[in-house]
Protein chains: 2
Amino acid sequence: MNKDHIIFLIGRINYKANRLLQEELEKHGIRGLAPSHGEILGSLLLHGEVQMTKLTEYIDKDKSTITALVNKLVRLGYVKKRKDTSDNRVTWIGLTDRGAALKPDIMEISRTLRKRAYENISDREKDTLAALLMKINSGM
Amino acid sequence: MNKDHIIFLIGRINYKANRLLQEELEKHGIRGLAPSHGEILGSLLLHGEVQMTKLTEYIDKDKSTITALVNKLVRLGYVKKRKDTSDNRVTWIGLTDRGAALKPDIMEISRTLRKRAYENISDREKDTLAALLMKINSGM
DNA sequence: GACAGATAGTTTGATATCAAACAATATACC
DNA sequence: GGTATATTGTTTGATATCAAACTATCTGTC
């Protein structure tokens, strides 16, 4: 596998981004959370209360994985579940006060990640890069 | 979410590439192998016999993970271990005949992945993209 | 209204992955 | 030569993740 292979680079960057996320969560005193938990919290901050199924879309993981991740967040007190009143199959996931209180931390972590990733590239390059990545993503 | 676009896209592409790899391995009759196993086989095809420690470098995983991955490849008959004669701590990992026979498959899978990823972009865009990704990768 | 098929989530079992502790061996320094 | 330190790899325990089977509920059609 060639070291300048685009796919290889993407794998490396993805790995580093995840590692950075984990480190930052830790640094902000948010212990025991993986990047995926952060993504869920971010989705809830952005969209408010959402269904499990919507979460599988937002963070692109198997529904059984979402069940496990959400249950952990419930156990840690960041998130709560609520049965839909009209459709009993549906579960709504929302932030607790404790979860909502994470907003400043999550925003700052997001900012840190962005800063680190974009450190060496200009706004124009960023646009170029995003456009190319979108092409690749939509073609795969 | 907009501003995290690039990192988000990289995550998506990484996921799809891994999924494609797994599907292709399966399609070539190489069953029960994850992308990481493919990376190890690829490394061995490229470098010949290597030490465990070298493998952790090549595929960038924890050494205990490498132990597990290699043991599975041994169990499946693709790979063999050999103790170094002068330094007894060292283990050399090499392909068996059965492992070496995978070369054409692995090369074709690699080609397929590349083709799929580069489907919509020109050679020039590819160079631009690789350069930008390298900048990001080295800055993280 | 009953029944077939669709949908929402959970459970179960398996695997890749990591970190920390460990064992075995080699090297350096006195 | 003997002891402290470094290295190579494994073991152990925990977690995220997936796929497949399952449960419960809803919806559409006869």
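**View 1. DNA strand C and the residues around it.** The biggest contributor to the surface near DNA strand C is H4(B), which puts in five residues. (Helices are DSSP runs of H or I with at least four residues, strands are runs of E with at least two, and both are numbered from the N terminus.) This is a predicted model, in which local features need pLDDT of at least 70, side-chain atom pairs count only at pLDDT 80 or more, and totals for chains, interfaces and linings use all residues. Residues are numbered from 1 along each chain as its sequence is written, while chains are lettered from A and ligands numbered from 1 in the order in which they are written. Around DNA strand C there are 21 residues, and those that come nearest are A:Met52, A:Thr53, A:Ser64, B:Ser36 and B:Ser64. Two or more residues each come from helix H3 (52–59) and helix H4 (63–75) of chain A, and from helix H4 (63–75) of chain B. A residue counts as near a strand if its C-beta atom, placed from the backbone, lies within 6 Å of it. Sorted by class, this surface has five nonpolar, nine polar and seven charged residues. Here Ala, Val, Leu, Ile, Met, Phe, Trp, Tyr, Cys and Pro are nonpolar, Asp, Glu, Lys and Arg are charged, and the others, Gly among them, are polar.

**View 2. DNA strand D and its surroundings.** Which residues come closest to DNA strand D? They are A:Ser36, A:Ser64, B:Thr53, B:Ser64 and B:Thr67, out of 21 that surround it. H4(A) has the largest share of this surface, with five residues. At least two residues each are supplied by H4 of chain A, helix H3 (52–59) of chain B and H4 of chain B. The class count reads five nonpolar, nine polar and seven charged.

**View 3. Where chain A meets chain B.** On chain A, 36 residues are in contact with 37 residues of chain B. Helix H1 (6–27), helix H6 (103–118) and helix H7 (123–139) of chain A each bring at least two residues to this side. H7(A) takes the largest share, at 12 residues. The chain A side splits into 19 nonpolar, seven polar and 10 charged residues. Contact means that two C-beta atoms, placed from the backbone, lie within 7 Å. Of the interface residues of chain A, 92% are interface residues in chain B too, so the copies meet through the same surface.

View 4. A turn of 180° with a shift of 0.1 Å along the axis puts chain A on chain B with an RMSD of 0.2 Å. The two copies are therefore related as by a two-fold rotation axis.

**View 5. The largest nonpolar core.** This core holds 60 residues, and A:Ile10, B:Ile40 and B:Leu133 have the most contacts inside it. H1(A) gives the most, with eight residues. A core like this is a set of buried Ala, Val, Leu, Ile, Met, Phe, Trp, Tyr and Cys residues joined through C-beta atoms within 7 Å. Buried means 20 or more other C-beta atoms within 10 Å of a residue's own, exposed means 12 or fewer, and partly exposed is in between, with C-beta atoms placed from the backbone. Not counting residues up to four places away in sequence, B:Ile40 touches B:Leu55, B:Ile59, B:Leu69, B:Val70 and B:Leu73.

**View 6. A look at B:Ala17.** Is B:Ala17 buried or exposed? B:Ala17 is buried, with 22 other C-beta atoms within 10 Å. This alanine is found in helix H1 (residues 5–27) of chain B. Leaving aside neighbours within four places in sequence, B:Ala17 is in contact with A:Ile7, B:Leu113 and B:Ala117. B:Ala17 and B:Ala117 are 100 residues apart in sequence, yet 8.1 Å apart in space, C-alpha to C-alpha.

**View 7. The sheet of chain B.** Three strands make an open sheet in the order E1-E3-E2, with antiparallel pairing. Strands pair if DSSP finds at least two bridges between them. Strand E1 (50–51) and strand E2 (79–83) stand at the edges with a single partner strand each, so one side of each has no neighbour in the sheet. E1(B) is joined to strand E3 (residues 91–95) by two bridges. In E3(B), B:Trp92 is the bridge partner of B:Gln51, and B:Ile93 stands opposite B:Val50. Five bridges link E2(B) and E3(B) in the antiparallel sense, and B:Lys81 has B:Ile93 as its bridge partner.

Definitions and conventions
Least-squares fit on C-alpha atoms with pLDDT ≥ 70 in both.
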